[in-house]
Amino acid sequence: MSDRIPATTDKKPAPQADIINIHTLSVYVNNQPGVLGRICAVFSRRGFNIESLVVSQTRDPRFSRMTIGISGHPEGLHQIIMQVNKLIDVIHCVEHTDRDAVAKELVLIKIAAGPEQRTEILQIVEHYAGKTVDLQDDSLIAMITGNTDKLDAAVRLLSKFEIVETVRTGKVVMARGLETT
C-alpha cells in the first residue's frame, strides 16, 4: 500500500445554484387604473417574481403606495428600479432594507380546535404577541404581526394542530427617521 497523496485535478467545481434574493420595493404612484399592470410587466420581463404585494391609498387620495416583495437575480435589481421609475404615473421607486426601514406583516391563522386544545394554542399565540380575533366552538382565528421570521416560526409551531387556513398580508415598510418612504 502506498502513502502517496493523490494528485490534484484541474476539475472545475460544480456550478452552484443561482443566487435568488428577496427585495422589498416601495413604489409611490398616481392613483390611476392600469398602474399596477404596467409595473408587474416590468418585473415579468426581467424574470423577477412578485412574492408579496400590498397596495393602499395614501393620506392624499390622488396617490397610492405599493410595497412589493420580489425575488430574482440581484444584478437585475438596479435596472428594474430604473425602468419602474420611468413609467408614467410612477413618482418614485426605491428598495428598502432592514437598515433603512421598518418592515412588518400580518398573518391570520384559522385553526380547528376543540376546548381541549385551546389552552396550548392560545399560549403559542400569546408567546408571539398575537391576539385571538374569532373564537367558535370548533375553531379559532389568531392574528399575529411582526417580521417574516416571527410569523414563519409561529405558523410552524401551530402546524401541529389542524390549520384550516392562513392569510398573510405581505410586507409593509416605512422608512426610518424623517425620510419619506
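Asp-152 counts as partly exposed, with a relative accessibility of 30% (buried is under 20% relative accessible area, exposed is over 50%, and partly exposed is in between, using a 1.4 Å probe and protein chains only). You're looking at a predicted model, where local features need a pLDDT of at least 70, side-chain atom pairs count only at pLDDT 80 or more, and totals for chains, interfaces and linings use all residues. Residues are numbered from 1 along each chain as its sequence is written, and side-chain values use heavy atoms, leaving out hydrogens and water.

**How confident is the prediction?**

- The protein has an average pLDDT of 88, and 89% of its residues reach at least 70 (pLDDT is the predictor's confidence in each residue, from 0 to 100).
- Watch out for residues 1–19: pLDDT stays under 50 there, and the model gives this stretch 4 contacts beyond four places in sequence (a contact is heavy atoms within 4.5 Å).

**Salt bridges**

- Search the whole structure and you get 6 salt bridges (a side-chain nitrogen of Lys or Arg within 4 Å of a carboxyl oxygen of Asp or Glu).
- Back to Asp-152: its side chain meets that of Arg-168 in a salt bridge, 2.8 Å from N to O. This one links distant parts of the chain, since Asp-152 is in helix H4 and Arg-168 in strand S8, 16 residues apart (helices, H or I with at least four residues, and strands, E with at least two, are DSSP runs numbered from the N terminus).
- Arg-168 is partly exposed too, at 33% relative accessible area.
- Glu-105 joins in as well: together with Asp-152 and Arg-168, Glu-105 is part of a network of salt bridges.
- Glu-120 and Lys-160 also pair up, at 2.4 Å from N to O. Glu-120 sits in helix H3 (residues 115–127) and Lys-160 in the loop between helix H4 (148–158) and strand S8 (162–168), so this bridge ties together parts that are 40 residues apart in sequence.
- In that pair, Glu-120 is partly exposed at 35% relative accessibility, while Lys-160 is exposed at 57%.
- Asp-60 and Arg-62 make another bridge, with their closest N and O atoms 2.6 Å apart. Asp-60 is partly exposed at 26%, whereas Arg-62 is exposed at 54%.

**One aromatic pair**

- Rings of Phe, Tyr and Trp (its six-membered ring) pair if their centres lie within 6.5 Å; planes under 30 degrees apart are stacked, over 60 edge-to-face, and the rest tilted. By that rule you'll find 1 aromatic pair here.
- The partners are Tyr-28 and Phe-63, stacked with 5.3 Å between centres and 20° between planes. They link distant parts of the chain: Tyr-28 is in strand S1 (residues 21–30) and Phe-63 is in strand S3 (residues 63–72), 35 residues apart.
- Tyr-28 and Phe-63 are both buried.

**Helix H1 and its two sides**

- In helix H1 (residues 35–45), the buried residues are Val-35, Ile-39, Val-42 and Phe-43. They sit on the same side of H1, because they cover an arc of only 95° around the axis (taken from the directions from the helix axis to the C-beta atoms).
- What do these buried residues of H1 pack against? Their partners are S1, strand S2 (49–57), S3, helix H2 (77–86) and strand S4 (90–96).
- Turn to the face of H1 pointing away from its buried side and you'll see the exposed residues Ser-44 and Arg-45.
- Just after H1 comes Gly-47, with a positive phi of about 80°.
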